[in-house]
Amino acid sequence: MSEDVPVLRVEGLSKRYGEKPVLEDASFSIREGELKILIGPSGGGKSTLLQCINYLVKPDAGRIWLDGDEVVPARKRELYAYRQKVGMIFQDFNLFDHLTALANVQIALSKVRKLPRDEARKRAVMELERVGLKDHIAKYPAQLSGGQKQRVSIARALAMDPKVMLLDEPTSALDPELITEVLAVIRDLGLEGMTMLMATHQIGFALDLAHEMIFMEDGRIVETGPPRKILSTADCDRTREFCGKLTDLYGEAR
Amino acid sequence: MPASIDAILDALPYLLQGSLVTIGVVLGAMGLGLLIGVSLALGQVYGPRPLGVPIGLYIWFFRGVPLLVLLFLFYFGLFSLMGLNLSAFAVAAIVLGLISAAYQSQIFRGAILSLPEGQLKAARALGMSDTRAIVSVVLPQALRLSIPGWSNEYSIVLKDSAVAYALGVAEVMARAHFVATRTYEHLPLYVAAGMIFLILTFLGTRGLRMLEDKVRIPGYSR
């Protein structure tokens, strides 16, 4: 793949609910291996942006390119194929409650990618091992901790061989001890070169690993830049104010 | 008293044959109700908005018109109008099934709506079509949640099936009535008929309870 074609390019993405714009003219691109962090206050449009990117929420306007090919969401087959290449991690995991950890990872391999049963199973086991859940594959979501659930959901997304992962505050529903185990998995993914766009308030994590930070408020991308700049010497007053509070709360680095 | 017991014992084989007919009508009705009920519920929850109108009319009609009226309407009217020559047994099963579908649809609709919406989003995010997500993610969970309501519906359909007697279906009630009018042993025969219904209710609800336990998702408390 050519160096200058971004893995994901988003142009003019907008969404309004009734009169209220929740996402206005969002544009950015992510290159292979990059980790970009979305920060900003709740209700600022981070979640809407992430969900518009794989059309879980239908944007009112905007265009998206994956590896340089424009996505046409009206063509169902293309949309389904595109979503397979865009891994999505949710704040509250959204595991399938009636399936074991193994079956949660296996189901899309069998039913969407149509892999033979043995192959799907082998791949699912491999992905669960990768996130450190080898001993828990037979457990149901209700028998797992929050951190384990989130790791299953990461394994489930990885099994589809995504080109890019979207993570929507993956640690917000977890207590501090569990946050660490999930962040460790995400960190490893980043080090392995996975392209990621992640909404989070984990400033220390962002400082360590992010290539770029995107600050969003009121549905707009207010400022974009290297994490250290955004956190300490942002051009925009509002960005500085918000980041100052995050730093007070979570500390600047680990 | 011994005479009454004799009357019951004499009629018992005949009544028990009738219970097979009752079971046949109820199984047919519950099965048909399941198929149509799930379709109606899926249509109501996931279908395009205009589809809600005919579904609403269906439910309104079959919940609103009395069973006996519907049995006569279909047996003496509608089916022959359509050129169908169906047995009283088949008509009873179909009409009870059409009515049960209206009630069952609301059991399934409630169960579907009680599932966390995020699971459907997760299924879509993995590249599943809506149909695939419904089959693989929504229905397996919604049907589990529907078992208690479905068990309730079973006991109602079982009792309603006695009305099929009015079409001349040789089920438990029809047979009890037939023997009673011939032997004048009214009390013992209707006691026997009632007991057969009680036993069938017990067996059915008990069986469904066992099914509920068997398919319970591990990790959830009772």
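Reader: In which sense do strand 9 and strand 10 of chain A pair, and over how many bridges?

Author: Two strands count as paired if DSSP finds at least two bridges between them. Helices (H or I, at least four residues) and strands (E, at least two) are DSSP runs, numbered from the N terminus. In this predicted model, strand 9 (residues 212–217) and strand 10 (residues 220–225) of chain A pair in the antiparallel sense, over five bridges. Within this pair, Met216(A) has Ile221(A) of strand 10 as its bridge partner. Two residues lie between the strands of the hairpin, and Asp218(A) takes a positive phi near 50 degrees there.

Reader: What conventions apply to the numbering and to the model?

Author: Residues are numbered from 1 along each chain as its sequence is written, while chains are lettered from A and ligands numbered from 1 in the order in which they are written. The model is predicted, so local features need pLDDT of at least 70 and side-chain atom pairs count only at pLDDT 80 or more, whereas totals for chains, interfaces and linings use all residues.

Reader: Which other strand of chain A does strand 9 join in the parallel sense?

Author: Strand 9 of chain A is joined by four bridges to strand 3 of chain A, and the two run parallel. Leu38(A) of this pair stands opposite Ile214(A) in strand 9. Strand 3 (residues 35–39) also runs parallel to strand 8 (residues 195–199) of chain A, again with four bridges. In that pairing, the bridge partner of Leu38(A) is Ala199(A).

Reader: Why is strand 3 of chain A described as largely enclosed?

Author: A residue is buried if 20 or more other C-beta atoms lie within 10 Å of its own, exposed if 12 or fewer, and partly exposed in between, with C-beta atoms placed from the backbone. Five of the five residues of strand 3 of chain A are buried, so the strand is largely enclosed by the rest of the structure. Both of its faces are covered: Leu35(A), Ile37(A) and Ile39(A) are buried on one side, and Lys36(A) and Leu38(A) on the other.

Reader: What is the strand order of the open sheet of four strands in chain A?

Author: The order is 2-1-4-5, with antiparallel pairing. Strand 2 (20–30) and strand 5 (69–70) are its edge strands, each pairing on one side only. Strand 1 (residues 8–17) is joined to strand 2 by seven bridges, and these two run antiparallel. Arg16(A) stands opposite Pro21(A) in strand 2.

Reader: How does one describe chain A as a whole?

Author: One may begin with its secondary structure, which comes to nine helices and ten strands. The radius of gyration is taken over C-alpha atoms, and the globule rule is 2.2 Å times the number of residues to the power 0.38. For chain A the radius is 18 Å, close to the 18 Å that the rule gives for 254 residues, so the chain is as compact as a globular protein of that length. Buried residues make up 48% of chain A.

Reader: Into which domains is chain A divided?

Author: Domain bounds come from an automatic or database domain assignment. Here they give domain 1 (1–85 + 163–254) and domain 2 (93–161). The C-alpha centres of these two domains of chain A lie 24 Å apart. Two residues are in contact if their C-beta atoms, placed from the backbone, lie within 7 Å. Nine residues of domain 1 and ten residues of domain 2 take part in the contact between them. Helix 6 (residues 176–191) gives four residues, the largest share of the domain 1 side.

Reader: How many helices and strands does chain B have?

Author: Chain B has eight helices and zero strands. Of its 222 residues, 37% count as buried. As for confidence, pLDDT is the predictor's confidence in each residue, from 0 to 100. The mean for chain B is 93, and 98% of its residues reach 70 or more.
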